[in-house]
Amino acid sequence: MSIASELQQKIIDELEWEPSVDARHINVAVKDGIVTLSGYVPRFADKKNAEQAAKRVANVKAVVDELLVNLDGASKRSDLEIAEVALTALRANANLPRDKVTVTVADGWVTLDGEVEWHYQHDSAENSVRHLLGVKGVLNKIQVKSNVRVTDVKSKIHDALVRNAQIDASKIDVAIDHGVATLSGKVKSWAEKEQAGFAAWSAPGVTVVKNNISV
């Protein structure tokens, strides 16, 4: 079995193992460590969960997600219904500032706009609507604009990398420029690269993360 075929089978096994993914109609192709997922899934949440499952597999360098969301009759909702439920979910989310995130829905696609101070709020808003019935996709255009001013951001990110058991912090370099954190270096898996990005986003005052780490 070739390296590509072996990696392909590992990804298929991981997708079938992941309980949050209906993988029956997912196709997997691998070339030079780049994984392409195609086919369709019954929920938007499956699409994102399949992408994350593929990234967890060792030696995956990148994932191209071409999965379509094919809703069955029971899962379909009008755009108005989706918008109403999405607004309710956002307002119920204690992590988000009141009325700072707006919602637009077109053909089942939810677009989020607005400004927040922390990246976890950016992600939390998306997570609030991702699993809603009838949603085909989410376009997150929320901007992170922090008013926090911290002088030792670089050391805080480095300390966070060291604390994370999944990351070899000695292989990662951090540069800070006016709230922009740039990560470089080399790690063993896409999951490790992603964890480093999460650590950088958690630092106070960071508004942009450029994750240039190679796998």
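**View 1. Pairing of strands β10 and β11.** Strand β10 (residues 180–185) runs parallel to β11, the two being joined over 4 bridges; strands count as paired if DSSP finds at least two bridges between them. V180 has V208 of β11 opposite. The model is predicted: local features need pLDDT of at least 70, side-chain atom pairs count only at pLDDT 80 or more, and totals for chains, interfaces and linings use all residues. Residues are numbered from 1 along each chain as its sequence is written, and side-chain values use heavy atoms, with hydrogens and water left out.

**View 2. The open sheet.** Its 3 strands follow the order β9-β10-β11, and the pairing is mixed. Strands are DSSP runs of E with at least two residues, and helices are runs of H or I with at least four, numbered from the N terminus. β9 (172–177) and β11 (208–211) are the edge strands, each pairing on one side only. From one strand to the next the twist averages 20°.

**View 3. Helix α5 on the sheet.** Helix α5 (residues 153–163) lies across β9 and β10 and runs at about 155° to β9. Angles run from 0 to 180 degrees between N-to-C directions, with axes fitted to C-alpha atoms, for helices over the stretch in contact. Contact means heavy atoms within 4.5 Å.

**View 4. Helices α2 and α6.** Helix α2 (residues 44–56) packs against helix α6 (residues 190–201) at an angle of about 110°, the axes being 7 Å apart. The two are therefore roughly perpendicular, a term for angles of 65 to 115 degrees. Q52, K55 and R56 of α2 meet W190, A191 and E194 of α6.

Methods:
Parallel < 35°, antiparallel > 145°, perpendicular 65-115°, else oblique.
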